[in-house]
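Work through the exercises below with the model open. Each task is followed by a solution in steps.

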Amino acid sequence: MRELTYAQAGLEAIAEEMRKDPTIFYMSTDPALSLMQEFGAKRVRPTPIAEGALTGIAIGAAGSGYRPIMDWRQVTFSFVAMDQIVNQAAKIHYMFGGQRTFPVLYRANVGGGTRLAAQHCQCPYSMFMNLSGLKLFLPSTPRDLKGLLKSAIRDNNPVISFESNRLLTMKGPVPDGDYTIALGEADIKREGSDVTVVAIAWLVHEALAAAALLEGEGISVEVVDPRTLVPLDAKTIRSSVRKTGRLLIADEAGPTAGFSAEVAALVTEDPATFATLTAPVKRVCALNVPIPYSPVLEDHVFPDRKRIAAGIREVVEATRGADGGVRGRREA
Amino acid sequence: MAEGTLGSRACVVTAGGVGGFVTARGDGARVSKFPHLPDRKGGTGRAVERPPARGRRVLTSKVGMDGIPVAKLAALAHDENLATEIGSTPVNLSPDEQRAMLRQMQTIRRFEERASSDYHAGKIYGVVHCYIGEEAVAVGVCAALQQGDQIISTHRGHGHCIAKGADLKRMMAELYGRQTGYCKGKGGSMHIADFEIGMLGANGIVAGGISIVTGAGLAAQMDGKGRIAVSFFGDGASNAGPFHECLNIAAAWKLPMVYVCENNMYAAQTAAAETHAMPDVAGRAAGYGIPGIVVDGNDVFAVTQAAARAVARARTGEGPTLIECKTYRWRAHTERIGQPDFRTEEEIEDWKKKDPIVRLLGQLKAQGAMTDADWQAMDGEVLADIEAAVAYAAASPFPKPEHALEDMYAA
């Protein structure tokens, strides 16, 4: 299968959908040159730096028969548009009794690894998860990004595509031709039997590396990538935990009221899944500080494969048998 | 507010076009990302002088290196032609059309009188913001619109709904929190919308709707069918970011927009005089290179003439206009009991003497187009319409509790 970078896969999804549907148009303070050259300045609009207004303009155009894509670029620029996101986009369909549909796609890069310090290295997606009325996703591979973007563009609701800064240049296989990945469907990136690791974006790759390492220690790790944050695929996550009896959640964001907290709650509040747990749920997240600039500091703040591996060992250790082997899930 | 602002029925405080700007831009030899834009060579320092826009005086002082002015002063011009054309007489309006405007204004007033009393009787929940005293703005502007044009409203939205042709029954049912209301009881007074008639919603956030309706204007431009969009907002919103961002975008993209500032002199309880450095919001249009018109917002003929000019500009691709309607709300910011109102009785009474409905009625009588008996009959019909809306609302079922989970996502 051919390989594309994460960023290329995203652009390909946008271009393919724009070729098919003339109601799609794109707004960004600095749109990609390739999109501008192919579609012209009416459909790929370079905008003033006014994310607040443009976020609302996208809503109004969506309610008037178009499918706008508003690219905030870095998520940090979406914060000046919070009124339009929180009070308008998230509520406009519901608040007016479902009179109109508002098919808007917002794009935002998230995450660290770029040495850009506190304002440009953020993972605030749980703030948006807390709102009712938006759909959100954060893919870990070029293939997933393209498929999810296509679904989002065709969706009749406001959707935010969070895209990982660290993965923009990462290459991966992308199928030829038109395909979509449904919003709300998790993907099991690696099957295993001893512990479930739920991870998103860059940390999926770190979890896979940790899993490969731990295989040599006799620990079988299952890596679940929810891909979509809202709606979150609780079924797949719970089903994996019921199989392994152990759960570790890895998130590039801090733990407080975050994605990791939501996954922990979904697992532990479900009686059938809770009954299968043989160890406390473990979270491996960023430290609760603004992201610092110096590489020494930044690397200390973010979780990585080493911390995930250590966390998995800790979870497994809690229930290691007298013979030193990994004990299976508790029988109900 | 500067005395004499309303000396004539309207005055244009700015005229479009930014003259005399120098562009100096170093694009280099790379592929242009903006092939659609006119060539703006000048990276070598060669200054490109554009002639000043008509009616605008541009004073350029010393010219420095490479012909770039060291400093310049652009004096605001008054386009007296536009201003003097707007008057307090009906232009292109038949007596029937004028009577329809009067009836619509009275419908707004009677609807809100009833909404207020039913609110205080506990039949309407949350909050009601009354538009009484400002009726000429919504009616005057919407009279200049056509089917297919879109508007957006504010937290004080009943007047805009009625002026755009919303159904009184579904409006009142929404206020009553009933399933038959415009939003199935999910919105209430601050969130009535009727997308079928191009009313994109009242909005509980000051300045919250300006960008949404600007998006509707962008859609109208892309459709190319000559439709336009109107943003209603208050003097308070004119101090918020979306106003400025959207005026700039609409001007830069020549969107078919009309921005209507209802300056009732108070943002909630705070006087505009405390929060505005310039008495006229319309003066801000100068910063965006578009016309700004100040109009007597209690004069429905002046409002509709100003709106008609702005609408014509928008329809013919000339871009947006900012209209400021000087007006006043008679009632407090909200109907909530115990809310402070720092305005003096004297000021309120003064403005009641400028009642837009009394003024229009007087003009109709002066034309011989209306008698006292006609007026009494019209008011009786209006009251009957309101009564029917209330009866419909009161007889309508409340939504079922589980309806709270419906309409979360569109299919």
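The exercises cover a chain contact, a core, a helix pair and some backbone angles. This is a predicted model, in which local features need pLDDT of at least 70, side-chain atom pairs count only at pLDDT 80 or more, and totals for chains, interfaces and linings use all residues. Residues are numbered from 1 along each chain as its sequence is written, while chains are lettered from A and ligands numbered from 1 in the order in which they are written.

**Exercise 1.** Find which residues touch the most other members of the largest nonpolar core.

Step 1. Such a core is a set of buried Ala, Val, Leu, Ile, Met, Phe, Trp, Tyr and Cys residues joined through C-beta atoms within 7 Å. A residue is buried if 20 or more other C-beta atoms lie within 10 Å of its own, exposed if 12 or fewer, and partly exposed in between, with C-beta atoms placed from the backbone.

Step 2. The core has 203 residues, and those touching the most other members are A:Val197, A:Ala207, A:Ile312, B:Val258 and B:Ile323. Helix H9 (residues 300-315) of chain B supplies the largest share, nine residues.

Step 3. Not counting residues up to four places away in sequence, the contacts of B:Ile323 include B:Val258, B:Ile293 and B:Ala306.

**Exercise 2.** Is B:Asn92 buried or exposed? Do likewise for B:Ala268.

Step 1. B:Asn92, in the loop between helix H1 (80-85) and helix H2 (95-120) of chain B, has a positive phi of about 60 degrees although it is not a glycine. B:Asn92 is exposed, because 8 other C-beta atoms lie within 10 Å.

Step 2. B:Ala268, also not a glycine, has a positive phi of about 55 degrees. B:Ala268 has 15 other C-beta atoms within 10 Å, so this residue is partly exposed.

Definitions and conventions: Helices (H or I, at least four residues) and strands (E, at least two) are DSSP runs, numbered from the N terminus. Two residues are in contact if their C-beta atoms, placed from the backbone, lie within 7 Å.
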